[in-house]
Amino acid sequence: MDMKLDGYSGRRVLLNDMEWLRSFLVALAKELGVTIVNGPTLVSFKEATPTLPEAGISGFVVIATSHMAFHTWPETGYVQVDISSCKPFDPEAIRKMVIAFLNIERVEYIAVDVFRPAPPGLAKTAVAQGA
């Protein structure tokens, strides 16, 4: 399942707090019931590129079933969260957790079940074409 959530936080200071955001990724993995295999890795773009007018934090975690990431823009309160996992999860439960953790006031999200079995013959066709 893939899920993308875009929203605006009522507590912009959270979107610039490296430790809070690191704990967010750990809590998100726990809520999903997945294993972190690498990370969390966070990058502050304000530190890396101080000339950017809007520079937030990006975070990434490799999980055993794929990955999770976020990007923040503290100046506007905007945050994006992306989750991709072969393990099914309840998008509504994850939406509620993200809203509560990041104090999201306005949110839009989409969840798509993209990990369906391939149609019969697809793997054979790919192999035959050298893929």
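Mentor: The account below begins with the chain as a whole and then turns to the helix pair, the aromatic rings and two further residues.

The model is predicted, and local features need pLDDT of at least 70, side-chain atom pairs count only at pLDDT 80 or more, while totals for chains, interfaces and linings use all residues. Residues are numbered from 1 along each chain as its sequence is written, and side-chain values use heavy atoms, with hydrogens and water left out.

The chain has four helices and six strands; these are DSSP runs, numbered from the N terminus, with at least four residues (H or I) for a helix and at least two (E) for a strand. Along the sequence the pattern reads β-α-β-α-β-β-β-α-β-α. Of the 131 residues, 34% count as buried, where buried means under 20% relative accessible area, exposed over 50% and partly exposed in between, with a 1.4 Å probe and protein chains only. Among contacts with a separation of 6 or more, 62% come from residues 24 or more positions apart, a contact being heavy atoms within 4.5 Å.

The part requested involves helix H1 (residues 18-32) and helix H3 (residues 91-102), whose axes are 11 Å apart and meet at an angle of about 160°. Axes are lines fitted to C-alpha atoms, for helices over the stretch in contact, and angles run from 0 to 180 degrees between N-to-C directions. H1 and H3 are therefore roughly antiparallel to each other; angles over 145 degrees count as such, under 35 as roughly parallel, 65 to 115 as roughly perpendicular and the rest as oblique. H1 contributes Trp20, Leu21, Ser23, Phe24, Ala27, Leu28, Glu31 and Leu32 to the contact, and H3 contributes Ala93, Ile94, Met97, Val98, Phe101 and Leu102. By class, this contact has 12 nonpolar, one polar and one charged residues. Here Ala, Val, Leu, Ile, Met, Phe, Trp, Tyr, Cys and Pro count as nonpolar, Asp, Glu, Lys and Arg as charged, and the others, Gly among them, as polar.

The structure holds five aromatic pairs. Rings of Phe, Tyr and Trp (its six-membered ring) pair if their centres lie within 6.5 Å; planes under 30 degrees apart count as stacked, over 60 as edge-to-face and the rest as tilted. The rings of Phe24 and Phe70 have centres 6.2 Å apart and planes at 70°, so this pair is edge-to-face. It joins distant parts of the chain, since Phe24 belongs to helix H1 and Phe70 to strand E4 (residues 66-73), 46 residues apart. Phe24 is buried, at a relative accessible area of 0%, and Phe70 is buried, also at 0%. Ring pairs link Trp20, Phe24, Phe70 and Phe101 into a cluster.

Another pair is formed by Trp73 and Tyr78, with ring centres 5.3 Å apart and planes at 45°, so it is tilted. Trp73 is partly exposed at 26%, whereas Tyr78 is buried at 18%.

His71 also lies in strand E4 and is partly exposed, with a relative accessible area of 26%. Not counting residues up to four places away in sequence, His71 touches Ile57, Ser58, Tyr78, Val79, Gln80 and Asp82. Ser44, in strand E2 (residues 36-44), counts as buried at 10% relative accessibility. With the same exclusion of residues up to four places away, Ser44 touches Met18, Gly56 and Ile57.
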